[in-house]
Amino acid sequence: MSGRTEGGAVECRFLSLALLFVALLITPTPAFAHASDRGHVLLLPTGYYLIGGAFAVAVSFLVLALLPAASLDRFWRRRLPLFTPGDSARSAISLICFAGFAILVAAGLFGSRDPLSNPLPLVIWTLLWAGLTLLQGVFGDLWSWLNPWYGPRRLVSRLLSTDDEGPWRLPRWVGCWPAVMLFFAFAWFELIDAAPDDPARLALAAGLYWLFSFLAMLAFGYRDWSRSGEFLTAFFAMVARFAPVERDEAGRLVLCWPAAKLLAAEPLPPSGIAFLLLALSSVSFDGLSKTFFWLGLFGVNPLEFPGRTAVIGSGTFGLVLTFVLLAAVFLFAVWLGQRLAGSGPPLGQAAGLLVWSIVPIALAYHVAHYLTALLVDGQYALASLSDPFALGWNLFGSADIQVEAGIVAGAESAWWLWNIQAGAIILGHVLAVLVAHGFAWRLHPQPARAALSQFPLTLLMIAYTVFGLWLLATPTVG
């Protein structure tokens, strides 16, 4: 009798919160005024996207709260077998990529000083950071083949007749903290540094980072340092878990639902939680730091922007603050969910599992934020790769292509561009709710407790949906 009474109390609490949740959603809200300096005009009102995004995530929560656990589990477990690829060419492809990286660094040091004609900043910031992240989320772990450290590390191992293990071992308590610190340094360089696009400056930073990582792999082993310290490998591996392509235990490629691989993940340690939250907060701050709202907080006139040097201090503060606030709110949402459910594993284990639901959101923000740069700067990258040293070469026949910046300008472009960006954010958050609910069944086998535990996290996701769409709608500098 006591168990039935306890279950009824949980269901009553959940029903009360759900009714309050729906009431908040249907309450009229003021529309956001819109102005944009992005070179295109938005055709649909901003409020349409804000309300639509919140509604999509809210509906996903209410539907999932009524779904049986078995049905949700069968949905995620579906697989379609494809074929078994070979790994024999992996070292060769990695060595080719390393040679290409060395040429790009040389181009950065001795080529054109113009960031739009030198291939190094275009490849790193556009093709690698923006483009490859998107491909990882669609096709799986391509980075494991393109990684410029794998081939050279294997080559050195063969020459020295050693294995891939290094002479030293990283202590267990180190976790992913080196990757967190290096990712923060990367984000600071991209978002805060005075001239991250300067080819020579970027070549020096990229070359030193490659050398540092290679020495660390020799010391601690390729696999250990890739998991704990090399932030690109750690980031791309996490993004690849979203992809609808995976390799099973037999090495065969299979198709699955997007984000299905996330549910097979184990709880992340505190350092892994920090790494994923930093990946999301840094992209979010990239958008926030350029808004009139943020610049106005520090007395900067956005119409007379003084340059990046003048906002290094406020930018560094904002990058740290955004991460701290996101981490605090996320941990509070997980803690509150555990309290509402009335039972469950420790906070660390629950947060370590539920943080995987951040991956669809981080990927969605990445796509929405960098889409215009990928479409325009990607064309500049194709042209510069044919003439990396500005010597009049045309290696790939693309040196003379006409860059069509109009692809992201004009009324027609604005319509499809905005819908893709807004759709990516809304879809990412809906998938995040699906993943979070999948983990909730692992943490709380009782359906009512599982749904109740996700209520605070779902509210956080809805708020972040609105925030992301606002970033796309508000006027920015540059």
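## The model and its confidence

The model is predicted, so local features are taken from residues with pLDDT of at least 70, side-chain atom pairs count only at pLDDT 80 or more, and totals for chains, interfaces and linings use all residues. Residues are numbered from 1 along each chain as its sequence is written, and side-chain values use heavy atoms, leaving out hydrogens and water.

The score pLDDT is the predictor's confidence in each residue, from 0 to 100. The protein averages a pLDDT of 84. A score of at least 70 is reached by 86% of the residues. Among the elements, helix 8 (residues 177-191) has the highest mean pLDDT, 97. Helix 1 (residues 2-26) has the lowest, 43. Over residues 1-11 the pLDDT is below 50. That stretch has 5 contacts in the model beyond near neighbours in sequence. A contact means heavy atoms within 4.5 Å. Residues 13-44 also have pLDDT under 50. For residues 13-44, the model has 54 contacts beyond four places in sequence.

## The overall fold

The protein has 19 helices and 3 strands. These are DSSP runs, numbered from the N terminus: helices are H or I with at least four residues, strands are E with at least two. Of the 478 residues, 50% are buried. Buried means under 20% relative accessible area, exposed means over 50%, and partly exposed lies in between (1.4 Å probe, protein chains only).

Residues 24 or more positions apart account for 79% of them.

## The nonpolar cores

A nonpolar core is a set of buried Ala, Val, Leu, Ile, Met, Phe, Trp, Tyr and Cys residues joined through side-chain atoms within 4.5 Å. The largest has 92 residues. Phe231, Phe275, Phe330 and Trp356 have the most contacts inside it. Helix 17 (residues 411-443) supplies the largest share of this core, 11 residues. A second, separate core has 13 residues, including Val300, Val311, Leu471 and Val477.

What does Phe231 touch, leaving out residues up to four places away in sequence? Phe231 is in contact with Ala179, Leu182, Phe183, Phe186, Tyr209 and Phe275.

## Aromatic rings

Rings of Phe, Tyr and Trp (its six-membered ring) pair if their centres lie within 6.5 Å. Planes under 30 degrees apart count as stacked, over 60 as edge-to-face, and the rest as tilted. By this rule there are 27 aromatic pairs. Two of them are set out here.

| Pair | Type | Centre to centre | Angle between planes |
|---|---|---|---|
| Trp143 and Phe236 | tilted | 5.1 Å | 45 degrees |
| Trp210 and Phe214 | stacked | 4.9 Å | 10 degrees |

Trp143 lies in helix 6 (residues 143-146) and Phe236 in helix 11 (residues 231-240), so their pair ties together parts that are 93 residues apart in sequence. Trp143 is buried at 5% relative accessible area, and Phe236 is buried at 0%.

Trp210 and Phe214 are both in helix 9 (residues 199-220). They are 4 residues apart, so about one helical turn separates them. Trp210 is buried at 11% relative accessible area. Phe214 is buried, with 11% as well.

One aromatic cluster includes Trp143, Phe236, Trp149, Tyr209 and Phe231 among its members.

The rule asks for NZ of Lys or CZ of Arg within 6 Å of the ring centre and within 35 degrees of the ring normal. The charged end of Arg90 sits over the ring of Tyr150, 3.8 Å from its centre. Arg241 lies over the face of Trp356, 5.2 Å from the ring centre.

## Cysteines

How many disulfides does the structure hold? The count is 0, where a disulfide is a pair of cysteine sulfur atoms within 2.5 Å. Cys97 is partly exposed, at 24% relative accessible area. Cys256 is buried, at 10%.

Ser213 is found in helix 9. Is Ser213 buried or exposed? Ser213 is buried, with a relative accessible area of 0%. Beyond four places in sequence, Ser213 touches Trp149, Trp225 and Glu230.

Ala130 is in helix 5 (residues 119-139). Ala130 is buried, at 5% relative accessible area. Leaving aside neighbours within four places in sequence, Ala130 contacts Trp125, His366 and Tyr370. Ala130 and Leu371 are 241 residues apart in sequence, with 7.8 Å between them in space, C-alpha to C-alpha.
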